[in-house]
Amino acid sequence: MSADVEAGSFGRPPEMETVRPVPYRGGGFRPRPVRFVAPLVFAVLIVLWEMGSRSGLISSLVLPAPSEAFEAFRYLAESGLLWQHLSASLYRLILGWTFGSLLGMAVGMSIGLFSLARAGLLPLVSALFPIPKIALLPLFVIWFGIGEGSKVATILFGTFFPTVIATYGGVDNVDRALIRMGQSFGLSWWSILRKIIIPGALPAILSGCRISASIAIILLVAAEMIGAEYGVGAYILTAGSLMATDQLIAGVALLSAMGLAVGWLIGRAEAVLLRWRG
Amino acid sequence: MDLILRGVSHGYDRTEVLADISIEIAAKEIVCIIGPSGCGKSTLLRLIGGLEHPKAGEVLMRGEPPSGSLNPLTYVFQDFALLPWRSVEGNISLALEDHRLSAAERSAIIDDVLRRTKLTDFRKALPRQLSGGMKQRVAIARALSVRPAVMLMDEPLSALDSQTRELLMDDLIDLWQREAFTACYVTHNLAEAVRLGHRIVVMSRRPGRIREVVEIDVPLGERMRNLALMEERQRHLWELMREEALAADRELADVG
């Protein structure tokens with residue numbers, strides 16, 4: 001025992017006290033990935049649903065059994081209509097989302113980089129972003145025609161604004177110290193943009209892509225509900241008006257699968273492009 | 001190449017940060033700048049490197065930078081400023097890519113600076129895999145790769161723990177002894193200043209003025225053998241700074 005401790009008086013000698021472990025208070029607040037749970041939840045839900053339908057607990061008028069929806073889907077696939085609907089939808093989705101995102105990134109980049117663009121465009125973006133693009137659909141039909149134009153335009157406008165906001169937010173959040181470092185090494189403006197700002201804003205841009213891809217699928221269905229012959233949205237609308245709920249469920253499941261596929265693709269892109277984050 | 005500061009003053013809005021600073025930094029000399037927090041040391045360094053314009057006075061260069069110098073005034077930052085998406089090699093290469101160099105020349109320069117900073121084995125590592133000391137070695141390697149005439153070091157060791165700091169100080173002395181470089185080294189750590197500085201500029205609190213310039217005429221390599229003398233110099237510096245630091249501390253408390 002050190003001299004400092006011995007000098008003071010600390011009550012009873014230590015051997016008189018009871019000895020007990022320090023209570024553990026750490027842990028928790030850190031969810032870890034658990035495999036096989038997600039598919040299990042899906043499987044259990046579908047089995048319960050099927051059992052409910054078969055036993056008559058769920059009337060087939062209210063909700064068709066999963067097996068019926070699957071049957072409708074199989075018919076769709078065998079008749080060759082699946083590909084027609086899907087290709088029409090994917091065409092609109094890819095075209096609208098690609099151009100919406102590219103334009104959004106360009107405008108977001110300029111808002112992030114130039115004072116004049118920020119002063120001029122940011123209020124405009126803030127004013128137009130909250131407008132539901134579905135409300136503008138009739139206008140788009142007048143401007144771009146009842147055909148593909150209005151549908152692609154709806155998706156394009158819908159994905160444009162969230163991409164702008166994600167991109168300029170990402171540019172704003174690039175570490176200023178890195179930009180100053182680039183300047184101190186005499187890097188050209190173009191090099192700083194290409195090698196420091198764009199990679200630094202990429203995480204924010206990619207998470208913006210995730211959001212805009214979901215918005216694109218929502219708008220796709222809305223757009224296809226007006227004057228489309230083919231497309232997943234048109235298929236669902238027809239099924240709905242015929243009260244063919246089995247087809248309706250099959251169509252909705254198809255949309256969900258599209259959403260999952262897009263999410264997976266963006267996840268892959270993140271894994272490759274943001275490998276440095278570890 | 002020498003650097004000359006003549007009557008440099010600077011401020012933001014209405015606060016005066018630096019007042020009438022005049023110093024010369026001669027080639028192959030390490031000048032340390034110490035002062036209490038908020039005395040404008042880092043601002044001074046930004047002015048010297050041309051990242052900011054002084055409100056008054058001028059920063060001049062005398063003579064030509066050494067031949068082959070790609071970036072005469074080169075910084076080493078406190079927070080390392082490494083691109084997290086580039087490997088060690090890529091971070092060094094960043095400083096070279098805007099210059100007309102062949103791939104072979106670039107690779108030769110990278111090899112050389114990695115060897116000088118003992119980083120050869122870490123060539124492909126990403127910054128997140130490196131410790132703080134290793135990151136700062138990479139930043140120093142990057143600074144050396146452009147063959148600077150003057151290295152502007154902004155508290156380069158302040159983000160590191162004291163053991164790593166000791167190791168890096170030894171490395172810096174080693175580097176300087178093998179190939180003398182010119183440096184302006186800002187720090188608030190007196191031990192660093194005494195170990196690395198040929199001359200030590202002591203600054204007053206805001207607005208920063210030069211209070212005194214202390215010359216230490218012991219060669220860098222022999223300083224560890226003269227611990228008593230170093231200790232005495234360090235105490236002298238602390239006496240110069242003590243009141244300023246105390247006053248600066250109070251000042252900040254008033255503002256905040």
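Student: In which element of chain B does B:Asp20 lie?

Tutor: In this predicted model, B:Asp20 belongs to strand β2 of chain B, which covers residues 15–25.

Student: Why is B:Asp20 called exposed?

Tutor: The relative accessible area of B:Asp20 is 52%, and the word exposed is kept for values over 50%, so B:Asp20 is placed in that class.

Student: What is noted about the phi of B:Asp20?

Tutor: The phi of B:Asp20 is positive, near 50 degrees, and the residue is not a glycine.

Student: Why is A:Ile155 called buried?

Tutor: A:Ile155 has a relative accessible area of 0%, and buried means under 20%, so the label applies to A:Ile155.

Student: What is A:Ile155 in contact with, leaving aside its neighbours within four places in sequence?

Tutor: A:Ile155, which is in helix α7 (residues 148–172) of chain A, has heavy atoms within 4.5 Å of residues that include A:Arg92, A:Trp97, A:Ala216 and A:Leu220. A:Leu220 is 65 residues away from A:Ile155 along the chain, yet their C-alpha atoms are separated by 6.4 Å.

Student: How many helices and strands does chain B have, and why is chain B described as being as compact as a globular protein of its length?

Tutor: Chain B has 7 helices and 9 strands. Its radius of gyration is 18 Å, and the globule rule gives 18 Å for 256 residues, so chain B is as compact as a globular protein of that length. Of the contacts in chain B with a separation of 6 or more, 73% are between residues 24 or more positions apart, and 54% of its 256 residues are buried.

Student: Which domains does UniProt list for chains A and B?

Tutor: An unreviewed UniProt entry lists "ABC transmembrane type-1" for residues 86–266 of chain A, a span that is 84% helix and 0% strand in the model. For residues 3–230 of chain B, an unreviewed UniProt entry lists "ABC transporter", and that span is 32% helix and 25% strand, with its end C-alpha atoms 27 Å apart.

Methods
Residues are numbered from 1 along each chain as its sequence is written. Chains are lettered from A and ligands numbered from 1 in the order in which they are written. This is a predicted model: local features need pLDDT of at least 70, side-chain atom pairs count only at pLDDT 80 or more; totals for chains, interfaces and linings use all residues. Side-chain values use heavy atoms; hydrogens and water are left out. Helices (H or I, at least four residues) and strands (E, at least two) are DSSP runs, numbered from the N terminus. The radius of gyration is taken over C-alpha atoms; the globule rule is 2.2 Å times the number of residues to the power 0.38. Buried means under 20% relative accessible area, exposed over 50%, partly exposed in between (1.4 Å probe, protein chains only). UniProt positions are given in the numbering used here, feature names are shortened, and annotations may be inferred rather than shown by experiment.
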